[in-house]
Amino acid sequence: MASIMTNAAALTALQSLNATNKSLEQTQARISTGYRVSEASDNAAYWSIATTMRSDNQALSTVQDALGLGASKVDTAYTGMNNALDTIGKIKTKLLSTIGQTAAAKAKTQTEITALQAQMKSFADAATFSGSNYLSVTSTQVAAANDGVQANAKIVSSFNRSSSGAISLGTIDIDVESTKLFDSGLSTAVKNQGTLDRQTSVYSTAAAQNLYDTAYAAAIAGGGTDIAANTAGQTAAGAVVPRIDNVSAYNLDITAAGVTDDIITQMVGKIDKVMSQLTDSATILGSAKSSIDLQKTFTQSLMDSIDRGVGQLVDADMNKESTRLQALQVQQQLGIQSLSIANSSSQSILSLFKNG
């Protein structure tokens, strides 16, 4: 039936052209943005997942930066520790060479030792990166006398999201209390001094020194203060054997009153124990450095994996979209032509009346 009120063919052609135009707009948007899902309206579930994972990836990028900063801090401390270890070895050699020397020769050697001691302090003080120093610190009193200790330094190492959506942060902890070489806190505040400025007693016999060192170490291991440990050591060694008090690797002086070759011999043993402690401290820093490096590698791999996963969800297949674009452009042209033909059909009705 020919009707001038309703052109069914034109309506059908128009609907087809509108659908083609909508698909064409969608394809053009995918090509221009590179995303198959760029808005929540495209696919709410995929968009939500992708948005969350992108946010997590940004957090991981921040973690990566924190690991880089932490690695620099640990590297700086490790360098200072190694230099201190080399220097304490030189002091040990100097001490060994003074046994049996004249007082004048010992005075000259002490001048060299003093210079080396100052160098160790310089190494520790200079081992600072971004305001953090794990070798030279200042402990403060918390609640009671001699309770000041250094808190662990924390380096953010991971950003985690559980299956329920709860987030948490992982850290790599540095035991600064164990790595510190100098602690400039007040004597009434600090619990335990650093490895190089911790003052102990040095005896003239190996037997007395062993008794002192054993009792001292036991007190420290039990959580005691330096003061309590020193008292325990002196009690264990007794008061008969001559000794020099308040001696540290940083202040030992072979020209001080009462220092004999026997005491210098025990000073060598003290320095050897300090070297062992420095080695343990360097191990702590080295282990932390290794952990940071491993975590940096893992975090980068995780970020790459998340990028790939998000891409699988929302990225457009450009090969597919370009082929689809060409097909839709042809469909659009055909739709326009079809609509034009349908619209011209009503003109044929006029010809019926003209012929009449």
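**Exercise 1. Find Thr79 and work out whether it is buried, exposed or partly exposed.**

*Solution.* Start with the place: Thr79 sits in helix H2. Bear in mind that you are looking at a predicted model. Next, take the relative accessibility of Thr79, which is 46%. Buried would need a value under 20% and exposed a value over 50%, so Thr79 at 46% comes out as partly exposed. Now look at what the side chain does: one of its polar atoms lies 2.9 Å from the backbone oxygen of Asp75. Finally, go along the chain to Lys90, eleven residues from Thr79; the two C-alpha atoms are 17 Å apart.

**Exercise 2. How do H2 and H3 run relative to each other, and which residues meet where they pack?**

*Solution.* First, the geometry: the axes of H2 and H3 are 9 Å apart, and the angle between them is about 170°. An angle over 145 degrees counts as roughly antiparallel, so that is the label for H2 and H3.

Then list who meets whom. H2 brings residues including Gly80, Ala84, Ile88, Ile91 and Leu95. On the H3 side you'll find, among them, Lys106, Ile113, Leu116, Met120 and Phe123. Last, sort the residues of this contact by kind: eight are nonpolar, seven polar and four charged.

**Exercise 3. Which residues have the most contacts inside the largest nonpolar core, and which element gives the most to it?**

*Solution.* The largest nonpolar core holds 55 residues, and Ile88, Leu95, Leu181, Leu196 and Met267 have the most contacts inside it. Now ask which elements give two or more residues: these are helices H2 (44-98), H3 (103-126) and H7 (261-314), along with strands S4 (153-161), S5 (167-174) and S8 (243-247). H7 gives the most, with 16 residues.

Leaving out residues up to four places away in sequence, Met267 touches Leu95, Val202, Val247, Leu252, Asp253, Ile254 and Val259.

**Exercise 4. Where is Gln193, and which backbone oxygen does its side chain reach?**

*Solution.* Look in the loop between strand S6 (182-183) and strand S7 (200-203), and there's Gln193. Its relative accessible area is 19%. The cut-off for buried is under 20%, so Gln193 counts as buried. Follow the side chain next: it reaches the backbone oxygen of Asp183 at 2.9 Å. Asp183 also turns up among the contacts of Gln193, together with Lys180, Arg198 and Asp226, once neighbours within four places in sequence are left aside.

**Exercise 5. Asn146 and Asn246 have a positive phi: what are the values, and where do the two residues lie?**

*Solution.* For Asn146, phi is near 55°. Asn146 belongs to the loop between strand S3 (136-137) and S4, and at 14% relative accessibility it is buried. For Asn246, phi is near 60°. This one is in strand S8 and, with a relative accessible area of 48%, Asn246 is partly exposed.

**Exercise 6. How far is Ser38 from Asp315, C-alpha to C-alpha?**

*Solution.* Find Ser38 in the loop between helix H1 (8-33) and H2. Its relative accessible area of 36% makes Ser38 partly exposed. Now jump 277 residues along the chain to Asp315: the two C-alpha atoms are separated by 8.5 Å. As for contacts, Ser38 touches Thr33 and Trp47, if you don't count residues up to four places away in sequence.

Key
Residues numbered from 1 in each chain as written. Predicted model: local features only at pLDDT ≥ 70, side-chain atom pairs only at ≥ 80, totals over all residues. Heavy atoms only, no water. Helix = DSSP H or I, 4+ residues; strand = E, 2+ residues; numbered from the N terminus. Buried < 20%, exposed > 50% of the residue type's maximum accessible area, 1.4 Å probe, protein only. Polar contact = N/O pair within 3.5 Å; in protein donor to acceptor, adjacent residues only side chain to side chain. Contact = heavy atoms within 4.5 Å. Core = buried A, V, L, I, M, F, W, Y, C linked by side-chain atoms within 4.5 Å. Axes fitted to C-alpha atoms, helices over the stretch in contact; angles between N-to-C directions. Parallel < 35°, antiparallel > 145°, perpendicular 65-115°, else oblique. Nonpolar A, V, L, I, M, F, W, Y, C, P; charged D, E, K, R; others polar.
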